[in-house]
Amino acid sequence: MSNEITASKAEFALDLTNAGLEVLDYVPERVTPPIVIISPDSPYLVTETVGNEYRLGLKLTLVAMTATNEESTEALDALIADTVSALADISYAVLKSVATPFRLAVNNAEYLATDITLDLSITL
């Protein structure tokens with residue numbers, strides 16, 4: 001029997017990938033933008049109903065390619081729009097918020113990034 005939390009994240013990553021996004025359902029050792037990285041958010045798991053229904057809290061870190069500030073901003077805005085559009089078609093995902101963009105330092109470089117928080121409805 002597979003772990004339902006892991007399986008739910010993998011299914012969600014596949015749905016985002018099918019929408020045309022580059023997605024990883026784990027935090028990679030090296031980041032190759034543009035990419036969407038799925039990681040846990042807080043709270044991670046919350047009861048949704050009396051039964052076995054839960055909300056799985058996730059954070060999507062969207063990372064734009066390095067470029068001039070103007071180009072990075074445009075690239076991140078496009079990645080946000082593409083991700084939000086993809087989420088609209090995924091019925092079990094509920095968008096909560098898009099955070100203010102920030103500089104993400106990884107791979108000896110800085111990238112413009114933002115976090116999207118959301119909940120997935122899952123059954124355990």
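Colleague: What does Leu120 touch, leaving out residues up to four places away in sequence?
Modeller: Leu120 touches Ser8, Phe12, Tyr54, Arg55, Leu56, Leu58, Tyr92 and Ala93, where contact means heavy atoms within 4.5 Å. Keep in mind that this is a predicted model: local features need pLDDT of at least 70, side-chain atom pairs count only at pLDDT 80 or more, and totals for chains, interfaces and linings use all residues. Residues are numbered from 1 along each chain as its sequence is written, and side-chain values use heavy atoms, with hydrogens and water left out.

Colleague: Which residues touch the most other members of the largest nonpolar core?
Modeller: Leu120 is one of them, along with Phe12, Leu16 and Leu60, in a core of 26 residues. H1, S2, S3, H2 and S6 each supply at least two of its residues; helices (H or I, at least four residues) and strands (E, at least two) are DSSP runs, numbered from the N terminus. A nonpolar core is a set of buried Ala, Val, Leu, Ile, Met, Phe, Trp, Tyr and Cys residues joined through side-chain atoms within 4.5 Å. Buried means under 20% relative accessible area, exposed over 50%, and partly exposed in between (1.4 Å probe, protein chains only).

Colleague: OK, switching to H2. Which of its residues are buried?
Modeller: Ser72, Leu76, Leu79, Ile80, Thr83, Ala86 and Leu87. Looking down the H2 axis, those buried residues fall within an arc of 130°, so they line one face of the helix. The arc is taken from the directions from the helix axis to the C-beta atoms.

Colleague: And what do they pack against?
Modeller: Helix H1 (4-18) plus strands S2 (35-47), S3 (53-63), S4 (93-98) and S6 (109-123). On the face of H2 turned away from the buried side you'll find exposed Glu70 and Ala88.

Colleague: Thr83 was on that list. How buried is Thr83?
Modeller: Its relative accessible area is 0%. The Thr83 side chain reaches the backbone oxygen of Leu79 at 2.8 Å. Not counting residues up to four places away in sequence, Thr83 touches Leu21, Val36, Leu60, Leu62 and Ile116.

Colleague: Last one: where is Val31?
Modeller: Val31 sits in the loop between strand S1 (23-24) and S2, and is buried at a relative accessible area of 10%. Beyond its neighbours within four places in sequence, Val31 contacts Ile37, Val63, Val106, Asn107 and Tyr111. Val31 and Val63 are 32 residues apart along the chain, with their C-alpha atoms separated by 8.5 Å.

Definitions and conventions: A polar contact is a pair of N or O atoms within 3.5 Å; within protein, one must be able to donate a hydrogen and the other to accept it, and residues adjacent in sequence count only if both atoms are side-chain atoms.
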